[in-house]
Amino acid sequence: MNYACGSGVDCASIQPNGSCFMPDTLFAHASYAFNSYWQRTKGCWWHLFFGGTAMLVTVDPRKLMKKA
């Protein structure tokens with residue numbers, strides 16, 4: 001998340017009192033930061049895997065979380 005937020009992604013929304021702060025979980029905040037980074041760098045998909053901590057998905061991550 002530090003990489004994504006430090007690379008020009010506006011992560012103010014996942015800070016306390018931000019519009020996307022809740023739910024206040026690492027999973028939710030990381031999903032927001034990684035998705036925002038992807039939206040900024042779509043042409044460079046190879047930059048997105050963050051050392052194995054992220055992956056591209058085609059469904060809403062909240063639906064994946066319910067199955068876990």
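Which residues of helix 2 are buried?

## Helix 2 and its buried face

In this predicted model, the buried residues of helix 2 are His 29, Ala 30, Ala 33, Phe 34, Ser 36 and Tyr 37. When helix 2 is viewed down its axis, these buried residues fall within an arc of 160°, so they line one face of the helix. The cover over the buried residues of helix 2 includes helix 1, residues 2–6.

The length of helix 2 can also be checked. Helix 2 runs over residues 26–40 and holds 15 residues, which at 1.5 Å a residue should span 21 Å.

## The disulfide

A search of the whole structure finds one disulfide. The disulfide is formed by Cys 5 and Cys 11, whose sulfur atoms are 2.0 Å apart. A disulfide is a covalent bond between the sulfur atoms of two cysteines.

The torsion about the S-S bond of Cys 5 and Cys 11 is about -90°, and the disulfide is therefore left-handed.

## Exposure of the cysteines

The two partners of the disulfide, Cys 5 and Cys 11, can be described in turn. Cys 5 is partly exposed, with a relative accessible area of 27%. Cys 11 has a relative accessible area of 8% and is buried, because buried means under 20%.

Cys 20 is partly exposed, and its relative accessible area is 33%.

Note on methods
Residues are numbered from 1 along each chain as its sequence is written. This is a predicted model: local features need pLDDT of at least 70, side-chain atom pairs count only at pLDDT 80 or more; totals for chains, interfaces and linings use all residues. Side-chain values use heavy atoms; hydrogens and water are left out. Helices (H or I, at least four residues) and strands (E, at least two) are DSSP runs, numbered from the N terminus. The expected span of a helix is 1.5 Å times one less than its number of residues. Buried means under 20% relative accessible area, exposed over 50%, partly exposed in between (1.4 Å probe, protein chains only). The arc is that of the directions from the helix axis to the C-beta atoms. Contact means heavy atoms within 4.5 Å. A disulfide is a pair of cysteine sulfur atoms within 2.5 Å.
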